[in-house]
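Let's take a walk through a protein chain together, starting with its overall layout and then looking at a few side chains. Please have the viewer ready.

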Amino acid sequence: MAVSNRVRSALTTTVLATAATGFLAGCGTGDDEQEQVAYCTDEDGEIVDDDYCDDGYRGPGAGLFFLYLGGFRPGLPVGTVLPGGGTRINPTDTAARQRAGLPTTGKVTGGTRVSGGIGSGTGGRVGTGAGS
């Protein structure tokens, strides 16, 4: 079966346009990057009072609490155990906090939304972030 050059050209254009659209949709512009949410947790991933993750906290258990970032919903209450797959950051590690898009010092309010930062240096799995 012979196919005319016009038909062949139209098919090639359609296939290339479809492939390019799929490629660009996969790349995105960064605006649809998954937003991260931060919570203060204990070493078991249970949300605790935000005061424990203030970089100046020196009370009982100091050093056993972490800023935990992931694709969690905001507004989760204290006592909720977060699922695995987040990034754990030592609250006193100012460089890791900054790379994660968090303030370098002070208390981080539970449910704080963070855009970007995570993939640029702190890792994406529990225990792999700087300061863990």
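The paragraphs below go from the whole chain to single residues.

Keep in mind that this is a predicted model. The protein chain contains 2 helices and 4 strands, and from the N terminus these elements follow the order α-β-β-β-α-β. Of its 132 residues, 29% count as buried. The chain exposes about 7800 Å², with carbon and sulfur atoms supplying 54% of that area. If you look at the contacts with a separation of 6 or more, 62% of them are between residues 24 or more positions apart.

Now let's turn to the salt bridges, of which the count comes to 2. In one of them, the side chain of arginine 113 meets that of glutamate 35, at 2.8 Å from N to O. Arginine 113 sits in strand β4 (residues 112-114), while glutamate 35 belongs to the loop between α1 (5-27) and β1, so this pair links parts of the chain that are 78 residues apart. Glutamate 35 is partly exposed, at 33% relative accessibility.

Aspartate 51 and lysine 107 also meet in a salt bridge, again with an N to O distance of 2.8 Å. Aspartate 51 lies in the loop between β1 and β2 (65-70) and lysine 107 in the loop between α2 (94-99) and β4, so the pair ties together parts 56 residues apart in sequence. Aspartate 51 is partly exposed at 38%, and lysine 107 is partly exposed at 42%.

Finally, find glutamine 36 in strand β1 (residues 36-42). Glutamine 36 counts as buried because its relative accessible area of 12% is under the 20% cut-off. Its side chain reaches the backbone nitrogen of glycine 70 at 3.4 Å.

Technical notes
Residues are numbered from 1 along each chain as its sequence is written. This is a predicted model: local features need pLDDT of at least 70, side-chain atom pairs count only at pLDDT 80 or more; totals for chains, interfaces and linings use all residues. Side-chain values use heavy atoms; hydrogens and water are left out. Buried means under 20% relative accessible area, exposed over 50%, partly exposed in between (1.4 Å probe, protein chains only). A polar contact is a pair of N or O atoms within 3.5 Å; within protein, one must be able to donate a hydrogen and the other to accept it, and residues adjacent in sequence count only if both atoms are side-chain atoms. Contact means heavy atoms within 4.5 Å. Accessible areas come from the Shrake-Rupley method with a 1.4 Å probe; for residues, only the protein chains shown count as cover. A salt bridge is a side-chain nitrogen of Lys or Arg within 4 Å of a carboxyl oxygen of Asp or Glu.
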